Amino acid sequence: MRIPNNLLLIKIFIFFLITACPVKRNFLAPVLLKYRINYPDEARQMGLEGRVLLAVLINENGNVEKIRLFKSSGMPLLDSAALETAKTFIFSPAMVGGRPVTVWVNIPVEFKFEEVKPDEWLLDVKYLQGLIDKEYDEGVIMDLYKLYKKLIFSPKGSIDLKVNEYIKLVVLKSTADIWDGYWDKYPATAILFVDIIKRFPDSFARFEAEEEFKKFMEKERIDIRNTIKGPQADSLINLLYTAIE
């Protein structure tokens, strides 16, 4: 099973065309067949949403030859993500009179969050964990990690201490023990990284989780200290780092 990534909506509209010959009747517009979403974790955590308008040159094979930023979202992080996403576009070619042609198209790329619904998130996590228990599969493990990250990188304003009730139900006991004494003080999303590392020590997801944990903690430890304050904050931070060693 693959959990669909609904964090990014892409809509295609043909606004103008530039071809070597005039467009007459029997024009068939290109159709987006495949793409890979690039939505930086940092942008998700910051709650950045916006719309980027790109100009894309599609060749006779349906591949992207050139990409230009036509209208910025006003946020460099989203503009860059849209450009990276566009590099993965694969189209059916535009057709004129039954023949493929090269065309420019304007493509709006809209970044918009889908709110995490804890009850649904819990069911999806439990389902994937059950699949992995039956058969070790790197692809499903990565799907589980992506689902974990959907909660980890939710905008700060969209989560509260209630998420801890759900996190407790999905992590290993040894992972949950890290948060003893803190469940009523701070959202435990960081231990989802630790859970992947402890559960699947030889998986590709584990190595990715280690790197992303370190980057995540650069900002998270500041937030922990601002929320908990005093020696307790430093103790929790040390417990997290020790857990992944």
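# A tour from the α8–α9 loop

Start by selecting lysine 229, which sits in the loop between α8 and α9. Helix labels here follow DSSP runs numbered from the N terminus (H or I, at least four residues, for helices; E, at least two, for strands). A word on the model: it is predicted, so local features need pLDDT of at least 70 and side-chain atom pairs count only at pLDDT 80 or more, while totals for chains, interfaces and linings use all residues. Residues are numbered from 1 along each chain as its sequence is written, and side-chain values use heavy atoms, with hydrogens and water left out.

Back to lysine 229: its phi is near 70 degrees, a positive value in a residue other than glycine. Most residues other than glycine have a negative phi. Lysine 229 is exposed, with a relative accessible area of 52%. The cut-offs are under 20% relative accessible area for buried, over 50% for exposed, and partly exposed in between, using a 1.4 Å probe and protein chains only.

**Next: the rings**

Color Phe, Tyr and Trp. The structure holds 11 aromatic pairs. Rings (the six-membered one for Trp) pair if their centres lie within 6.5 Å; planes under 30 degrees apart are stacked, over 60 edge-to-face, and the rest tilted. Phenylalanine 193 counts as buried at 0% relative accessibility, and phenylalanine 213 counts as buried at 0%.

Is tyrosine 241 buried, partly exposed or exposed? At 23% relative accessibility, tyrosine 241 counts as partly exposed.

**Along α8 to arginine 206**

Arginine 206 lies in helix α8 (residues 204-227). With 17% relative accessibility, arginine 206 counts as buried. Which residues does arginine 206 contact, leaving aside its neighbours within four places in sequence? They are Ile196, Ile197, Phe200 and Pro201, where contact means heavy atoms within 4.5 Å. Arginine 206 also lies over the face of phenylalanine 207, at 5.2 Å from the ring centre. That label needs NZ of Lys or CZ of Arg within 6 Å of the ring centre and within 35 degrees of the ring normal.

**Over to α5**

Select residues 163-170, helix α5, whose buried residues are Val163, Asn164, Tyr166, Ile167 and Val170. They cover an arc of only 160 degrees around the axis, which puts them on the same side of α5; the arc is that of the directions from the helix axis to the C-beta atoms. The buried residues of α5 pack against α3 (118-134), α4 (138-152) and α7 (191-199).

**Last stop: a sheet**

Three strands form an open antiparallel sheet in the order β2-β7-β8. β2 (27-28) and β8 (99-101) are the edge strands, each pairing on one side only. Strand pairing needs at least two DSSP bridges. Finish on phenylalanine 27, which stands opposite valine 96 in β7.
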